[in-house]
Amino acid sequence: MADKELRRREPGGEVGAHGTAADYEPLIAERGPIARALAPVAGFGVTIGNMFKPTVTEEYPFEKTPTKPRYHGRHQLNRYPDGLEKCIGCELCAWACPADAIYVEGADNTPDGQFSPGERYGRVYQINYLRCIFCGLCIEACPTRALTMTNEYELAGPTRAGMIFEKQDLLAPLADGMLPAPHPMVPGTEDTDYYRGAVTGPVPEQIDWVAQYRPEEPALEQLRVPADSGRDEDGR
Ligand code: SF4
Ligand code: SF4
């Protein structure tokens, strides 16, 4: 077979002759007779060697391997122990995102609609998982630790629209004893008390408020104290 002419791109963009394959033959190390004899079957050595090694195939999705504890998975919007949302709608996470994957619209809390401690809450919160690169810069930027990342990595979906997660998809599930927002803050507290961890759960005033304005709220079932609780046999 005729030697192919090797060409290279010269400075300035011109393609010029650089020699033939025969010119490079002297540069290739000479093989010994054993190496030459085994060369045609050398590839089988890799195959046969692997036949006696332990199988490392992961049976995903039937068997899921736990991630490392600090794995960057799906985001979560956290709540305070009384159920108010930690997000204050400041948009710092959206500004920090290098992939422009977060969209936030803040709104004012009102006496009838208090979703988070303080003046503002995140009315609209979206993360586009077609853009997110899971870098974690957004959670570093969040001033209230409202935004964190879970270990969940199964984020495939059949539609593009379905990969845009809305606030209700990202909110942390209600833990036992939490009362979902909106409801007033714990009486006598300010937002800084929430930041310091002084609020440990809903108080009767908050439970009564929800019972008055959202009597159908399912979380009330476990929070309502039975009328006869704590009373002795005589009803005292
Ligand atoms: S993890 Fe990175 S890319 Fe994903 S939303 Fe946060 S800042 Fe943006
Ligand atoms: S998640 Fe954090 S940074 Fe993003 S809008 Fe809410 S409070 Fe601000």
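Which residues are the closest to ligand 2? I looked there to start my notebook, and I found Cys87, Cys90, Cys93, Cys142 and Leu147 as the closest of the 14 residues that surround ligand 2. A residue is near a molecule if its C-beta atom, placed from the backbone, lies within 6 Å of it.

**Ground rules.** I noted that this is a predicted model, where local features need pLDDT of at least 70 and side-chain atom pairs count only at pLDDT 80 or more, while totals for chains, interfaces and linings use all residues. Residues are numbered from 1 along each chain as its sequence is written, and chains are lettered from A and ligands numbered from 1 in the order in which they are written.

**The shell, by class.** I sorted the residues around ligand 2 and got 10 nonpolar, three polar and one charged. Here Ala, Val, Leu, Ile, Met, Phe, Trp, Tyr, Cys and Pro count as nonpolar, Asp, Glu, Lys and Arg as charged, and the others, Gly among them, as polar.

**The whole chain.** I read off nine helices and seven strands; these are DSSP runs numbered from the N terminus, with helices being H or I of at least four residues and strands being E of at least two. Of the 236 residues in the chain, 17% are buried. Buried means that 20 or more other C-beta atoms lie within 10 Å of the residue's own, exposed means 12 or fewer, and partly exposed is in between, with C-beta atoms placed from the backbone.

I checked the UniProt record, an unreviewed entry, and it places a "binding site" at Cys87, Cys90, Cys93 and Cys142. These four are spread over 56 residues of sequence, yet they cluster in space, with a largest C-alpha distance of 10.4 Å. UniProt positions are in the numbering used here, feature names are shortened, and annotations may be inferred rather than shown by experiment.

I found Cys87 in the loop between β3 (75-77) and α4 (92-96). Why does Cys87 count as buried? Because Cys87 has 26 C-beta neighbours inside 10 Å. Beyond four places in sequence, Cys87 is in contact (C-beta atoms, placed from the backbone, within 7 Å) with residues including Leu77, Tyr121 and Ala146.

Cys93 sits in helix α4 and counts as buried because it has 24 C-beta neighbours inside 10 Å. Leaving out residues up to four places away in sequence, Cys93 touches Cys138 and Cys142, among others.

I located Cys97 in the loop between α4 and β4 (102-108). Cys132 is in the loop between β5 (120-128) and α5 (137-141). Cys97 counts as buried because 20 C-beta neighbours lie inside 10 Å, and Cys132 counts as buried because it too has 20.

**The core.** Where do the most contacts inside the largest nonpolar core fall? I found them at Cys87 and Ile102, in a core of 21 residues. The largest share of this core, three residues, comes from β5. A nonpolar core is a set of buried Ala, Val, Leu, Ile, Met, Phe, Trp, Tyr and Cys residues joined through C-beta atoms within 7 Å. Setting aside neighbours within four places in sequence, Ile102 is in contact with Cys93, Ala94, Cys97, Ile127 and Cys138.

Conventions. Two residues are in contact if their C-beta atoms, placed from the backbone, lie within 7 Å.
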